[in-house]
Amino acid sequence: MKIRNPGTHPRFWVVSFFLLFFFIGGSHCYAQDSVQTRIIYPDGIVVHCFDGDTVKLMDRRIIRLAGIDAPELGKQGRKPQFYARKAKEDLIQLARGKKVKLIIPGIAYRDNHGRIIADVLLDGDQSLNRMMIERGAAIFYPNQDLNPHFQEDLLNLQTEAIKERRGLWNTLLSMPIANDNYIGNKATLRFYPETCPEAQNIKPRNRIHFGTLMDAFLAGFVPARICKFWPDA
C-alpha cells in the first residue's frame with residue numbers, strides 16, 4: 001500500500017494554517033480546549049438580517065457570523081450572486097425575532113466595518129453559524145484570528161453538506177465551473193480560477209492545484225474576491 005506524504009494532502013495545509021496561528025499567537029485567548037470561548041457580550045434579539053451572514057440586534061449592534069460567508073446581494077447596481085436571496089431567507093427563518101447569545105471564537109472582536117464577529121447561539125446553544133453551513137446556505141470562511149477548533153468544526157460540517165449536495169452545493173457543483181481547474185494559495189487559503197491573472201502572482205512554494213471546484217472547497221479553501229468567480233443569480 002502506498003503511504004501518502006501528509007504534506008501533499010490539500011487539507012494538511014488548512015490544519016497547519018489553523019494550528020500555526022493557535023500555537024504562535026492565539027492559544028492564550030482560550031480558557032478551555034473547545035470550539036466555544038468566553039461570552040463577552042450581552043444577549044440580544046435579532047430584528048433584521050442584512051444577508052446570509054450578518055444580522056442586526058434590537059439594541060442596534062451589527063453581528064457578523066464568524067467563520068462563514070454567504071453569497072452577496074446586489075449593491076450599487078450589481079446583480080445578486082447565486083443563492084444570495086435564499087441564504088438571506090434561511091437566516092431570517094432561523095433567527096429573526098429570536099433571542100441570541102454571542103460567543104467570541106477568536107482574538108478579534110470586531111471586523112474592519114465595526115461589526116461584532118461572533119458565533120451566534122439560539123436557545124439550546126444551537127449555532128446559527130453551524131446551521132447555515134449545515135444546510136448549504138453559506139460557505140466556510142477561514143481566518144487566522146479564529147479558534148482553530150471552531151474552524152475545523154465548520155469545515156467538517158461543510159464537507160458533509162457538499163457530499164450530500166445540500167443547498168447551494170446541489171446547483172453550484174453541477175455548473176460548468178465545477179470542472180474547471182483552480183490554483184490555491186496555501187498562505188491565505190484562497191483559490192483562483194486557473195485563468196485569473198492574479199493566480200500567477202502566487203509564489204511557487206505556496207501554490208496548490210485543484211482539478212475541480214469541489215476539491216478546492218473540500219480542502220478548506222475559499223474563492224479569492226479579486227477574481228470574479230461566483231455566478232450571478
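These legends describe close-up views of a predicted model.

**View 1. Five strands form a closed barrel.** The barrel runs E1-E2-E3-E6-E5, and its pairing is mixed. From one strand to the next, the twist averages 55°. Helix H2 packs on this sheet and touches E1, E2 and E3. The direction of H2 makes about 130° with that of E1.

View 2. E1 covers residues 41-49. Strand E5, residues 99-103, runs antiparallel to E1, and three bridges join the two. Look for glycine 44 in this pairing: valine 100 in E5 stands opposite. Strand E2 spans residues 54-57. E2 also runs antiparallel to E1, again with three bridges. Here valine 46 stands opposite leucine 57 in E2. The link from E1 to E2 is a hairpin of four residues.

**View 3. Strands E3 and E6 pair in the parallel sense.** Three bridges connect E3 with strand E6, residues 116-121. Leucine 65 marks the pairing, with alanine 118 of E6 opposite.

View 4. H2 takes in residues 84-95. Ala84, Ala87, Asp90, Leu91, Leu94 and Ala95 of H2 are buried. Seen down the axis of H2, the buried residues fall within an arc of 125°, so they line one face of the helix. After H2 comes glycine 97, with a positive phi near 85°.

**View 5. Four strands form an open sheet.** The order is E10-E8-E9-E11, with mixed pairing. Which strands are at the edges? They are strand E10 (207-210) and strand E11 (222-223), and each pairs on one side only. Strand E8, residues 182-185, pairs with E10 in the antiparallel sense over four bridges. Tyrosine 182 has phenylalanine 210 in E10 as its bridge partner. Isoleucine 183 stands opposite histidine 209 in E10. Four bridges also join E8 to E9, and these strands run antiparallel. Opposite asparagine 185 is arginine 190 in E9.

**View 6. Strand E8 is covered on both faces.** In a regular strand the side chains alternate between the two faces of the sheet. Tyr182 and Gly184 are on one side of E8, with Ile183 and Asn185 on the other. All of these residues are buried.

View 7. One is the hairpin of E8 and E9, with four residues between the strands. In this hairpin, leucine 189 takes a positive phi near 60°. Threonine 188 is in the loop between E8 and E9. Threonine 188 counts as partly exposed because its relative accessibility is 33%, which falls between the cut-offs of 20% and 50%. The C-alpha atoms of threonine 188 and phenylalanine 221 are separated by 8.5 Å, although the two residues are 33 apart along the chain. The other loop runs between strand E9 (190-193) and E10, and asparagine 206 is placed there. Is asparagine 206 buried or exposed? Asparagine 206 counts as buried because its relative accessibility is 18%, and buried means under 20%. Beyond its neighbours within four places in sequence, asparagine 206 is in contact with Gly184, Asn185, Lys186 and Ala187.

**View 8. Nonpolar residues gather in cores.** The largest nonpolar core has 59 residues. Trp169, Leu172, Leu213 and Phe217 have the most contacts inside it. Helix H4, residues 148-163, gives the most to this core, with six residues. Leucine 213 makes contacts beyond its neighbours within four places in sequence, including Leu172, Ile177, Tyr182, Phe191 and Phe229.

Notes:
Residues numbered from 1 in each chain as written. Predicted model: local features only at pLDDT ≥ 70, side-chain atom pairs only at ≥ 80, totals over all residues. Heavy atoms only, no water. Pairing = 2+ DSSP bridges. Buried < 20%, exposed > 50% of the residue type's maximum accessible area, 1.4 Å probe, protein only. Contact = heavy atoms within 4.5 Å. Expected span 1.5 Å × (residues − 1). Arc of directions from axis to C-beta. Axes fitted to C-alpha atoms, helices over the stretch in contact; angles between N-to-C directions. Core = buried A, V, L, I, M, F, W, Y, C linked by side-chain atoms within 4.5 Å.
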